[in-house]
Amino acid sequence: MSSSTIQVTSSNELSVPGSASRLLIQMARRDIATLFRTPWIIISRSLAFIIQLFVFAYLISRLVVSYPNYFGYYAVGAVVSTVASISFIIGYDIFEEAEEGLLDYLLTLPIPRREFIIGRSLGGAVRAMIYTIPMFVIVAVVESFANPISILAALLDLFLIAFGVTGLSITVAVSVRSANRFDVVLALLELAVTRASTALYPFVALPFYVQALAPFSPVSFAADSARQALMKSSLDVLGLAGLAAFVVIFLGLGATFYFRRLEGGVYA
Amino acid sequence: MFANFCIDLFVTAATFGNLIGSSYFLRIAPGSNLITAMVAAFQSGRDIWREKYIKDLASYLLTLPVSRRLFVLSRIAGGVARSLVVTIPGTLVISYLYGVLFSPRLIEAFVIVGVFSLGIVGLSIAVSAFASTIEVFATVRSAIQLYLSFLSTIFYDVSLFPAIVQPIVQTNPMTWAMQAFRALQIQGSTLYPTAALVGPSLTFAMLGALCYLWYTRL
């Protein structure tokens, strides 16, 4: 998955360091290309989403009579939980790169560490968005979401959760050394973050022990805020603030841990 | 895997129990354990794939003084045993919920999980024989898991499906494994659903064995 290299189109690109934004975009482009070079992952996740929505959500919503329009609730939440799941993949990529020795090559590139790290987080978030937007369009069509401002607000929620989860995933990838432990930690974290939230299940229906955790889940912030925007055409300021805090905390932590792993604590 | 089972049971099933009714929690509870069994059973195919492409162990294993047929049977049996071991806590929890934990019917619960796992181990070995990359293996595994989970009677009755899909649901091994567990709950006989499960499980196990034998001849 992570075996791609950065394309150098002219010799000047190596000898003359580009502007920070250009290098940042270059790093992000690499991560986006990496995901699309493995179409099987996209196929399997898309298939899972379609079956989840048109089989599971459709049939289960006929049984859930105590909660009106559960299908609509579930559909928006499924997009949010999918974007969160896809954003976790960047951690697997970074872990693999370190194991395969590709990280050593990447570090020899004429890109400052700061752009390198922010570019990777941005790439992880943007590719999750690119991947999820078709699903979002399906849900928007099925549920007749047409207000452009509401759609933009929901997309902002999706981008923020993608950016934050990317930071979280990078933090785990660079702080856990054992491959087996890393697989287990990331899989459990993904399950906990998406299931112990209000993305797929209404808060009132959650068991009491999940109700204690769900309000603090970033996926809850994103799902509730996206639903507020799409289904009630209003802005969930608290949700957006919670998401922004999540992004700042985990992007900061991810960057710090990544710097430490790369430079032994010396900041570039 | 036990953590996965706990999240499936105590978050997903408990929440749907609150949304639909407390009896619904008990209705879908065995699904959590059977999904864990399915994931564990698929590890057998993943191991075979890794032996061939990652660890380069396939050639060594095939030089062992064991006939190919015995070797493939032992691999399938090992996969089933592993799945049974992994699901012991889950099977005990479901048996407790269904009131058969301290009765001889507990054995039936393990038999259901074992027969169900047999088919999945066979399927996973068949997939591993043909998948050239881990992405292909993971995609086919994901498709099979979606079929077993969502096109079965774990969450809803077969009558809720459109008529055209109902035969697919009725031939799904997960449907019969669920029926067998539910028979335990109502103190009914598990003979018919388990017998119906044996057919597809043996077919998948034979398919897995044949594919593995074909793969070892290459």
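**A chat about a predicted two-chain model**

Modeller: To start with one residue of this predicted model, A:Ile51 touches A:Phe56, B:Leu146 and B:Phe150, if we do not count residues up to four places away in sequence.

Biologist: Where is A:Ile51 placed?

Modeller: A:Ile51 sits in helix H3 of chain A.

Biologist: And is A:Ile51 buried or exposed, or in between?

Modeller: A:Ile51 is partly exposed, because 17 other C-beta atoms lie within 10 Å, whereas a residue needs 20 or more to be called buried.

Biologist: How far is A:Ile51 from A:Asn147?

Modeller: Their C-alpha atoms are separated by 27 Å, and the two residues are 96 residues apart along the chain.

Biologist: Back to B:Phe150, then: which residues of H7(B) are buried?

Modeller: The buried residues of H7(B) are B:Phe137, B:Thr139, B:Val140, B:Arg141, B:Leu148, B:Ser149 and B:Phe150.

Biologist: What do the buried residues of H7(B) pack against?

Modeller: They pack against helix H3 (39-63) of chain A, and also against helix H2 (22-53), helix H6 (106-130) and helix H9 (173-185) of chain B.

Biologist: What span should H7(B) have?

Modeller: At 1.5 Å a residue, the 17 residues of H7(B) should span 24 Å, and the end C-alpha atoms of the helix are 24 Å apart, which agrees.

Biologist: New topic: what is chain B built from?

Modeller: Chain B has ten helices and zero strands, and its C-alpha atoms fill a box of roughly 55 × 40 × 30 Å, taken along the principal axes. Of the 218 residues in chain B, 46% are buried, and among the contacts in chain B with a separation of 6 or more, 73% join residues 24 or more positions apart.

Biologist: Which residues touch the most other members of the largest nonpolar core?

Modeller: They are A:Val80, A:Val83, A:Ile161, A:Ala222 and B:Ala177, in a core of 136 residues. Leaving aside neighbours within four places in sequence, A:Val83 is in contact with A:Ala128, A:Met129, A:Thr132, A:Leu158, A:Ile161 and A:Ala162.

Biologist: How many residues of H4(A) are buried?

Modeller: In H4(A), 16 of the 18 residues are buried, so this helix is largely enclosed by the rest of the structure. Helix H4 (residues 70-87) of chain A should span 26 Å at 1.5 Å a residue, and its end C-alpha atoms are 26 Å apart, which agrees.

Biologist: Last one: what confidence scores does the predictor give?

Modeller: Chain B averages a pLDDT of 88, with 100% of the residues scoring at least 70, and the complex is given an ipTM of 0.82 and a pTM of 0.82. Among the elements of chain B, helix H3 (residues 58-62) of chain B has the lowest mean pLDDT, 79, while helix H5 (residues 88-97) of chain B has the highest, 92.

Conventions
Residues numbered from 1 in each chain as written. Chains lettered and ligands numbered in written order. Predicted model: local features only at pLDDT ≥ 70, side-chain atom pairs only at ≥ 80, totals over all residues. Core = buried A, V, L, I, M, F, W, Y, C linked by C-beta atoms within 7 Å. Buried ≥ 20, exposed ≤ 12 C-beta atoms within 10 Å, placed from the backbone. Contact = placed C-beta atoms within 7 Å. Helix = DSSP H or I, 4+ residues; strand = E, 2+ residues; numbered from the N terminus. Expected span 1.5 Å × (residues − 1). pLDDT = per-residue confidence, 0-100.
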